[in-house]
Amino acid sequence: MSMISAALLRLRLIARYPELRRSLERIVGSRDQASAALHETWLRLDVAKPASPVLNPDAYLLRMAARIATDDWRRNREPLGDDEREALLHVADETADPQRIVAARRDVRTLEAAMEELPPRQRAILAAARVDGLLNAEIAERFQISVAMVKKELAAAMRHCRERLADTEAVANGDLVGRRKF
């Protein structure tokens with residue numbers, strides 16, 4: 001890789017670090033592992049030799065960091081011993097409990113309904129924060145509002161969803177004292 005290509009990729013890594021870390025975090029499941037892999041990517045850019053021209057620098061950097069994280073995971077993985085394997089065979093499968101499945105489905109329906117009740121901007125802000133994983137400053141920029149307004153809208157949306165879930169839980173448990181009736 002020429003010095004210019006390595007320098008450009010390093011600049012891209014610096015400029016897009018938060019987004020790349022979030023994307024890699026979703027892949028590896030850990031913010032620390034994602035950060036460590038991106039730092040190692042930075043170090044390896046001098047010796048990396050792509051087989052073809054880099055058309056999408058973000059994808060190249062993310063793929064390189066993901067491979068580094070995977071290699072690190074494989075290196076540090078400890079094989080299970082016989083006792084640990086035996087213990088895993090006797091772990092109860094709690095996810096198959098019919099009551100938990102019904103309750104989880106009820107909660108999802110309640111949350112979907114609660115989100116539909118939100119004003120459109122609150123709903124979009126909640127989705128941007130909780131689904132897309134955007135920071136408050138990024139949301140503020142997207143909606144052209146202040147960070148304080150993002151916090152206010154997000155708090156109101158979360159409060160509404162929590163109240164609806166609590167109401168549904170109370171109805172399911174037959175505890176209607178102090179709760180709204182639907």
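View 1. Not counting residues up to four places away in sequence, R10 touches W42, L43, L45 and D46. Touching here means contact, that is, heavy atoms within 4.5 Å. R10 itself is found in helix 1. Look for a polar atom of the R10 side chain: the backbone oxygen of W42 lies 3.1 Å from it. This is a predicted model, where local features need pLDDT of at least 70 and side-chain atom pairs count only at pLDDT 80 or more, while totals for chains, interfaces and linings use all residues. Residues are numbered from 1 along each chain as its sequence is written, and side-chain values use heavy atoms, with hydrogens and water left out.

View 2. Helix 1 (3-15) and helix 3 (31-44) each supply at least two residues of the patch, and the largest share, three residues, comes from helix 1.

View 3. L43 is found in helix 3, and its relative accessible area of 57% makes it exposed. T110 lies in helix 6 (residues 98-117), but it's buried, with a relative accessible area of 7%. The cut-offs: buried is under 20%, exposed is over 50%, and partly exposed is in between (1.4 Å probe, protein chains only).

**View 4. Who does T110 meet?** Leaving aside neighbours within four places in sequence, T110 is in contact with R164, L165 and T168. With T168 there's also a side chain to side chain polar contact, at 3.2 Å. That term covers a pair of N or O atoms within 3.5 Å; within protein, one must be able to donate a hydrogen and the other to accept it, and residues adjacent in sequence count only if both atoms are side-chain atoms.

**View 5. Zooming out to the chain.** The chain has nine helices and zero strands. Both are DSSP runs numbered from the N terminus: helices are H or I with at least four residues, strands are E with at least two.
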